[in-house]
Amino acid sequence: MFVKSMMKPAHKTLITNVEATLGEVLERLNEKDFQGMPVVQDGKFLGLISRQMIYQAFFKSDLDRDTFLKEKKVQEFYGQSDLYITEDDVFEHTLTAFKGFPIIAVIDKDQKFLGIVSRYDVIEQFESAFGMKRAGVRIAFTSEESEGRILRLSEIVKQYHENIISLATFDETDKLARRIVLKIEKKDNIDRFVNKLEKAGFRILDVKEG
């Protein structure tokens, strides 16, 4: 999956510019209950501004609250200009890109702002990948790293007419085996299906409904 298939596009994104006051930014963030927003000027991504950045700046200021929010502008305080990915990056790249910030910008090669990805978006994608929003039976098992194992698994799935909700694989620590987590719709043949997996050489670790 690529970032462009999961990002919120620019026209649906809350943004600000360098001339906006911190009071205006904070009001918009509070209104939408967002933690931060991109700073965009002439269609180009410059950086990010957040509630926390505004609060920290105020605590370091000698101004009273109202004066600070009315007079100080985004251009003095925005940061995180390197907190971005491109629309052609793969989904996995988002996992290490946030660096503690609630959103990351999506840009093209010319720094044009295209949209954002939030941590919530990433969580939703993981929930979808693991089939967390659909009821079923999750079967965890291991398989030796050998050619044709996934093909054999698919043949068994087809033989028992199972409907796959999700399928994920993970490396084992010894690198000679691979963990597989398969979630399928609940049917009355689960026990027979699991027994068939065991006979085919898959070592069952856990079977859980949910």
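Q: Two strands pair if DSSP finds at least two bridges between them. This model is predicted. How many bridges join E5 to E6?
A: Five bridges join these strands, E5 and E6. The rule asks for at least two, so E5 and E6 count as paired. The two strands run antiparallel.

Q: Which residue in E6 stands opposite isoleucine 103?
A: Serine 118 stands opposite isoleucine 103.

Q: What is the strand order in the open sheet of four strands?
A: The order is E1-E6-E5-E4, and the pairing is mixed.

Q: What makes strand E1 (8-9) and E4 edge strands?
A: Each of them pairs on one side only.

Q: Which residues have the most contacts inside the largest nonpolar core?
A: They are Val25, Ile49, Ile54 and Val117. This core has 38 residues. Helix H1 (22-32), strand E2 (36-41), strand E3 (44-50), helix H2 (51-59), H3, E5 and E6 each supply at least two residues. E5 gives the most, with five. A second, separate core has 17 residues, among them Leu153, Val157, Ile184 and Val194.

Q: Why might nonpolar side chains be found buried together?
A: In soluble globular proteins, they tend to be buried that way.

Q: What does valine 117 contact, leaving aside neighbours within four places in sequence?
A: Its contacts include Val3, Met6, Met7, Ile85 and Thr94. Phe98, Pro102, Ile103, Ile104, Val106 and Val122 are also in contact with valine 117.

Q: How many aromatic pairs does the count come to?
A: The count comes to six. One of them joins phenylalanine 141 and phenylalanine 202.

Q: Why is the pair of phenylalanine 141 and phenylalanine 202 called edge-to-face?
A: Their ring centres are 5.4 Å apart, and a pair needs centres within 6.5 Å. Their planes stand 75° apart, and the cut-off is over 60 degrees, so the pair is edge-to-face.

Q: Where in the chain do phenylalanine 141 and phenylalanine 202 lie?
A: Phenylalanine 141 is in strand E7 (residues 137-144). Phenylalanine 202 is in the loop between helix H6 (190-199) and strand E10 (203-209). The two are 61 residues apart, and their pair links distant parts of the chain.

Q: Why are phenylalanine 141 and phenylalanine 202 called buried?
A: Buried means under 20% relative accessible area. Phenylalanine 141 has 0%, so it is buried. Phenylalanine 202 has 1%, so it is buried too.

Q: What makes tyrosine 160 and phenylalanine 193 an edge-to-face pair?
A: The centres are 5.9 Å apart and the planes 70° apart. Tyrosine 160 lies in the loop between helix H5 (149-159) and strand E8 (164-171), and phenylalanine 193 lies in helix H6, so the pair ties together parts 33 residues apart in sequence. With planes over 60 degrees apart counting as edge-to-face, 70° qualifies.

Q: Why does tyrosine 160 count as buried?
A: Its relative accessible area is 18%, and the limit is under 20%, so tyrosine 160 is buried. Phenylalanine 193, at 0%, is buried as well.

Q: Which residues do ring pairs link into a cluster?
A: They are Phe58, Phe59, Phe68 and Phe77.

Q: How do you know that the charged end of arginine 149 sits over the ring of phenylalanine 202?
A: The charged end is 4.6 Å from the ring centre.

Q: What makes the phi of lysine 99 worth a look?
A: Phi is near 55°, a positive value in a residue other than glycine. Most residues other than glycine have a negative phi. Lysine 99 is in the loop between strand E4 (84-86) and strand E5 (103-107). Its relative accessibility is 60%, over the 50% cut-off, so lysine 99 is exposed.

Q: Where is glutamine 111 placed?
A: Glutamine 111 is in the loop between E5 and strand E6 (113-118). Its phi is near 70°, also positive. At 26% relative accessibility, glutamine 111 is partly exposed.

Definitions and conventions: Residues numbered from 1 in each chain as written. Predicted model: local features only at pLDDT ≥ 70, side-chain atom pairs only at ≥ 80, totals over all residues. Heavy atoms only, no water. Buried < 20%, exposed > 50% of the residue type's maximum accessible area, 1.4 Å probe, protein only. Phe/Tyr/Trp six-rings, centres within 6.5 Å; stacked < 30°, edge-to-face > 60°. Lys NZ or Arg CZ within 6 Å of the ring centre and 35° of its normal. Core = buried A, V, L, I, M, F, W, Y, C linked by side-chain atoms within 4.5 Å. Contact = heavy atoms within 4.5 Å.
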